[in-house]
Amino acid sequence: MKTKTKIISLVLVLLMLVPVVTGCSEAGRDILTSFIQDWVKTKFGIDLSDNSTWGKAKAGWGLMKLFTEDSTGNPDSDAALGTVKMLKNFKDAEQDMAVGRSSNNATAEDLAIALRPSDWSYRVSRSTLALKQNDVVKGQTEWKKGEDLAYSDQNPVGYQRFYSQSINELEAWKNTGQLDKANWEQQAFAYGTLVSDYVERYKLTKDPKDKQMALYYNEQWTYVTKEGKPPELDFGD
Amino acid sequence: MTTLTLVIVAALVIGITVFKLPLRLGLVKPAAVRMISQTPDREAALKVKSDIQQAGINTSGVDVFVMPEKKSNKNVLLTVLDTSKGFSFGNAGSTDAISNYLIKLASASASDNIDRVAFQYLDSEGKSLATITAPTDAILKYSKGQISQTEFFKAIDARIDLSQLATSGLP
């Protein structure tokens, strides 16, 4: 009974909406309305321009069936349409992360991560920030989580972007001169991460510059850790 | 015993395919949740935005997102067109404005491994009126005259916020 009432109300609302929809007057909305009229007529045979009682009833029923369905029948379309609807949350997270990155604010970065825990790019930034703030354990944990997430996306371009972001952030820190003033543990982790980033990116790009940079940072790491001889690197060649 | 097995198998098949039980029970995430939780390609989004700007598309009030697809090098281009932040289709009155906009988006992002385009249209109060999507391939074929408008429209899917569309802008 409840469902029946709901359906009848919906039909009535739609019956009232059809003429309003066909007669609205803001430029963008007019364009949209005109397109929707053509689209529902072509794709679903629903004629919104028919102003007879029977025509309105038919259109109202057709629209109700159409827009109360959960799925368009095309999974790719469903994913794209559903995702756009969730962009608000995404934009809030982006704002928090932008604040965190620009002002080295760990709380803001953690808020962003709470909103989008699967975003590896946030983890990379959180790792860099933790490292800057001498929390090497947190830096290591976040970097590892980020790498795992990047691989779970199963998008090869994503792996490369992950290593590139890590390189860019650590080198940006190094270029400020602050990394060289940091304690040995921070330096060891930063250089060790840069070695790993360049080695892994080389495996994907085969760019000789990446190999060269991996060898350069390997020497830096060896110097900082006083290990003596730089460890052998596996470039997968 | 065999009958019971058959009944169980049939119930499982119906439960999975018709009632989408794994989704309802939270065992599988909806496709949209899977896509939004992926890390977007922010660099590609900046490039696409610059490309569409160079193609003469108004980018005021336009937010661009490039979402990678799992197990693929392809991406989905999501845009939010916010009238309250200055967006307009530009060619008001043209009945083909939406089709033209889709064509411009698809053409401008063709070199960015985009295989689907979607946009959400927000009114002057920032409320969503509709979300429209189509595969890039169909859009480009239509722009080259390789498929008819009917075929093109059939490739388009949309979510219309009907009550919002009907009441938007009314006092």
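Chain B of this predicted model has a secondary structure of eight helices and five strands. Along the sequence, these elements follow the order α-α-α-α-β-β-α-β-β-α-α-β-α. Chain B has 171 residues, of which 42% count as buried. As for contacts within chain B between residues at least 6 apart in sequence, 60% of them join residues at least 24 apart.

I turn now to the interface. Here, 47 residues of chain A are in contact with 50 residues of chain B. On the chain A side, the elements that give two or more residues are α1 (2–22), α2 (27–44), α3 (53–67), α4 (75–85), α5 (87–103), α7 (120–132) and α9 (156–175). The largest share of that side comes from α2(A), with 13 residues. By residue class, the side of chain A that touches chain B divides into 23 nonpolar, 14 polar and 10 charged.

Finally, I consider one helix pair within chain A. How do α11 and α12 of chain A pack? Helix α11, residues 184–205, and helix α12, residues 208–225, pack at an angle of about 160 degrees, and their axes are 8 Å apart. An angle over 145 degrees counts as roughly antiparallel, and α11(A) and α12(A) are therefore roughly antiparallel to each other. The crossing of α11(A) past α12(A) is left-handed. Among the residues that make this contact are Trp184(A), Tyr191(A), Tyr198(A) and Tyr202(A) from α11(A), and Met213(A), Tyr217(A), Trp221(A) and Val224(A) from α12(A). Charged residues take part as well, including Arg201(A) of α11(A) and both Asp210(A) and Lys211(A) of α12(A). In total, the residues of the contact of α11(A) with α12(A) divide into 13 nonpolar, six polar and three charged.

Conventions. Residues are numbered from 1 along each chain as its sequence is written. Chains are lettered from A and ligands numbered from 1 in the order in which they are written. This is a predicted model: local features need pLDDT of at least 70, side-chain atom pairs count only at pLDDT 80 or more; totals for chains, interfaces and linings use all residues. Two residues are in contact if their C-beta atoms, placed from the backbone, lie within 7 Å. Helices (H or I, at least four residues) and strands (E, at least two) are DSSP runs, numbered from the N terminus. Axes are lines fitted to C-alpha atoms, for helices over the stretch in contact, and angles run from 0 to 180 degrees between N-to-C directions. Angles under 35 degrees count as roughly parallel, over 145 as roughly antiparallel, 65 to 115 as roughly perpendicular and the rest as oblique. A crossing is left-handed if the near helix is turned anticlockwise from the far one by less than a right angle, and right-handed if clockwise. A residue is buried if 20 or more other C-beta atoms lie within 10 Å of its own, exposed if 12 or fewer, and partly exposed in between; C-beta atoms are placed from the backbone.
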